[in-house]
Amino acid sequence: MFRSALSATALSLAMTVSLATQAQVTVKDAWVRATVPQQKATGAFMQLQSAQDAKLLSAQSPIAGVVEVHEMSMDGGVMKMRPVPSLALPAGKAVELKPGGYHVMLMDLKGQVKDGDTVPVTLVVEGQDGKRQNVELKVPARSAAAPAMKHGDGHKHKH
């Protein structure tokens with residue numbers, strides 16, 4: 001009995017140490033753009049801040065067949081969108097994922113995303129030590145015309 005209690009304590013301590021070395025990421029003001037019927041893609045937007053240098057590697061959601069981290073940029077007067085292999089999250093610096101910039105692209109949607117829906121999104125973040133962390137979010141959907149959410153509206157997630 002003592003041996004199993006000691007093993008459980010050691011395992012618990014090892015898990016705590018492991019989690020402490022990973023980048024701690026705060027997510028604020030997350031939202032997904034609502035869609036119209038038959039629309040096959042939408043974007044997720046948020047502000048990310050990591051306590052340590054890290055990078056956003058990827059994202060997943062059960063509502064989409066394909067989820068990618070994208071950037072939009074001007075190229076010769078033309079707005080272009082392309083996937084990026086990762087997005088740097090410098091320690092202590094807020095990184096904005098917003099329309100017209102970096103964002104999470106949800107493609108091959110399995111159904112309409114309606115204003116007021118809650119969309120599960122998992123972000124995969126990698127710390128400097130190479131350890132990966134899944135950040136589980138429940139993101140509200142809203143129409144592009146809806147007013148932006150303000151800080152302090154209860155939609156903050158700390159992981």
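**Exercise 1. Which residues have the most contacts inside the largest nonpolar core?**

Before we start, note that the model is predicted: local features need pLDDT of at least 70, side-chain atom pairs count only at pLDDT 80 or more, and totals for chains, interfaces and linings use all residues. Residues are numbered from 1 along each chain as its sequence is written, and side-chain values use heavy atoms, with hydrogens and water left out.

*Solution.* 
- Start with the criterion: a nonpolar core is a set of buried Ala, Val, Leu, Ile, Met, Phe, Trp, Tyr and Cys residues joined through side-chain atoms within 4.5 Å. Buried means under 20% relative accessible area, exposed over 50%, and partly exposed in between (1.4 Å probe, protein chains only).
- The largest such core has 30 residues, and Val-27, Met-46, Leu-48, Leu-56, Leu-97 and Leu-123 have the most contacts inside it.
- Now take Leu-48 and set aside its neighbours within four places in sequence: its contacts (heavy atoms within 4.5 Å) include Val-27, Leu-56, Leu-97 and Leu-123. Lys-93 and Thr-26 are also among the contacts of Leu-48.

**Exercise 2. Describe the aromatic pair and its surroundings.**

*Solution.* 
- Rings of Phe, Tyr and Trp (its six-membered ring) pair if their centres lie within 6.5 Å; planes under 30 degrees apart count as stacked, over 60 as edge-to-face and the rest as tilted.
- Searching the whole structure gives one aromatic pair. Its members are Trp-31 and Phe-45, with ring centres 4.7 Å apart and planes at 40°, so the pair is tilted.
- Check burial: Trp-31 counts as buried because its relative accessibility is 10%, and Phe-45 counts as buried at 5%.
- Finally, Arg-142 lies over the face of Trp-31, 3.8 Å from the ring centre. The criterion is NZ of Lys or CZ of Arg within 6 Å of the ring centre and within 35 degrees of the ring normal.
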